[in-house]
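I opened this structure for a slow, friendly look around. Here are my notebook entries, in the order I made them.

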Amino acid sequence: MDQKKERNGGQESVLPEKDYKEAYEQEHYKSTYLAGRVAELEDQVDDLQFKLDRIKNNPVWKASTPLRKCMHFAIRQVDRVKNCGSIGGVVTKMKYKANERKAMKHYGTESFPSEEERKRQEETVFPNMVKISILTPLWNTPENFLRDMIGSVQKQTYGNWELCLADGSDEAHAYVGEICRELAGKDERIRYRKLEKNEGIAGNTNQCLTMATGEYIGLFDHDDMLHPCVLFEYVRAINEKNADYVYCDEATFKNGDINQMITMHFKPDYAIDNLRANNYICHFSVFSRKLLDGTELFRTKFDGSQDHDMILRLTDKAEHVVHVPKLLYYWRLHAGSVASGIEAKPYAIESARGAVADHLRKHGFEHFTITSTRAFETIFKITYEIIGDPKISIIIPNKDHVEDLRRCVTSIIEKSTYDNYEIVIVENNSESKEIFSYYEELKNNPSIKIVTFQGAFNYSAVNNFGVGAATGDYVLLLNNDTQVITVNWLEELLMYAQREDVGAVGGKLYYADKTIQHAGVVIGLGAHRTAGHTHYRQKRENLGYMGRLCYAQDVSAVTGACLLVKKKLYEEAGGLDEGFAVSLNDVDFCLKLRQLGYLNVFTPFAELYHYESVSRGLDTDGEKAARYNEESARFREKWKAQLEAGDPYYNPNFTLDKSDFSLRV
């Protein structure tokens, strides 16, 4: 009989030809079945779309629009309360909002420069006094919006700019051109062109670009306002950090008064996974003209989310994307703006999805899906294809606690939909008979093996020993006091860990009461100024700061209670530092990966319970507290430069005393 060889876990096995034929026939049958299901579902979609269109075109449906808007408003308010998780959550949210309102007054006109500071900035001469061309497409702009917008540019403390205005307004709004020509006559830095026809946001902005003569390009909406110091801060970043793409923090405001803020968005530094899931950069982008390199600025096929598409393309090319962590852009809230709700521009959702899909394909990703999350229609969950069938070694250190281990292992076996894994239990100084009896039970499962670590407990050493016994392509560090919630947890972790640019990946962990234990780690956070978990103790239903509990994102570190990484990267980083016997070894490991140039990712779509400290107790008193203090001091010394620089994914406007993204007041 003909035989073929197959690589399997590093070993060669010989399989008969007929086995390959059977496997092929099974896959062929499955493909045929799935193709039939796709066709069937497409027919159902067409039928439902026909019915939906018929409903929408019905006069009764159209007449009920005001009533439906009121109903949906009420539903949204109920959902907002639900997202807080409980009455206690609502109270916490109200306290947060009160603190935010207290902070808001510092970010409006109070933050504008004094006369002395304005004079200093105006007289500053940078080595590279770049010219910034600000592009603003106009279309039927209300007069007060127009004058506020242009005035905010003219009040800049940095003077080497030009404002390029391309006007697509109709005849009924001829005053737009009259005002622009009047102001341009008084200030030669204002350049105005009346367009023959309105070409939409993308087309009108591209027309602005043809007027621009600056080395750097800025994008400014016709109904918004700039902080007087924004161009000064950007040119400083260009000179000091060689920035070729710059952005800042922003706020929405109402009633024409920037002091009447609705929301303030304090952003992380450049984070590609955040940007793919959510256009967090948004306003106010200024970038080197060289990044365009003959390509379009805005692509009309992504009108509505043309800025998301552009930001993805240009930050890809940029060598130094710099975030200025200051609130320097004011986004006006009014009936026609996206700031007032995505329903103002429903086509933007599909445009945003298309822009992200185009970007992912350029990076070599195939067979992914992009779906809206409960946070917002344009905040996405990206599901990547799992490449191949790599083996995952799940490393579980254990000492006694038979019920905890049983619950953990049972949940893995019963819930996991990914089946190419092994469980490596690292026995360390257990004393109870029950645990050894349970080990004997587990030996009947060929996917589980128990290895014994001799010596005193050292979390790092125990895990390093377990990884040494692992045969998988990936290793998953997992605490014995965890319990799987989501059935595809391994796939959700693996889809990120398989990427060449990613180091460690961590999931979303809850206490037994369904409050958050882990949703990413920020360095410098907490009383010891070492590291802390964001959104700590918030309810499972909470959306998080700006929806951050609803999408995968880049973080400085993830918890070792559930951490997936390629085995070769684990070894390349030197494993867990055994000098951190119990605490901070996971954060230290993630920072080592970051130092090697890898991203660490938190995904909220791999969920587990974590009955933290059941196994080893708390670090709040006695010997344990002394040990924790010692390890904290060692961590602060080892990562002194990184701690002083601050966590790149945590805005410096947030306090380090709380984990809920409260602002420093």
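Predicted model: local features only at pLDDT ≥ 70, side-chain atom pairs only at ≥ 80, totals over all residues.

**Entry one: T655**

I looked up what T655 touches, leaving aside its neighbours within four places in sequence, and found L525, Y650, S662, L663 and R664 in contact with T655 (contact means heavy atoms within 4.5 Å).

Where is T655 found? I placed T655 in the segment after α20 (640-645); helices (H or I, at least four residues) and strands (E, at least two) are DSSP runs, numbered from the N terminus.

Is T655 buried or exposed? T655 counts as buried because its relative accessibility is 10%; buried means under 20% relative accessible area, exposed over 50%, and partly exposed in between, with a 1.4 Å probe and protein chains only.

I then followed the side chain of T655, which reaches the backbone nitrogen of D657 at 3.0 Å. I also checked G526: T655 and G526 are 129 residues apart in sequence, yet 9.4 Å apart in space, C-alpha to C-alpha.

**Entry two: R332**

I found R332 in strand β11, which covers residues 321-332. R332 has a relative accessible area of 3%, so I wrote it down as buried.

Which side chain does R332 join in a polar contact? The partner is D148, and the two side chains are 3.2 Å apart in that contact. A polar contact is a pair of N or O atoms within 3.5 Å; within protein, one must be able to donate a hydrogen and the other to accept it, and residues adjacent in sequence count only if both atoms are side-chain atoms.

I looked at phi of K514 and read a value near 65°, positive in a residue other than glycine. K514 sits in the loop between β19 (502-510) and β20 (516-518). K514 counts as partly exposed because its relative accessibility is 38%.

R537 also went into my notes, with phi near 70°, a positive value in a residue other than glycine. The loop that holds R537 runs between β22 (531-533) and β23 (553-555). At 42% relative accessibility, R537 counts as partly exposed.

Last, I looked up the peptide bond from H283 to F284, which is cis, with omega near 0°. I found F284 in the loop between α10 (272-277) and β10 (286-288).

Terms used. Residues numbered from 1 in each chain as written. Heavy atoms only, no water.
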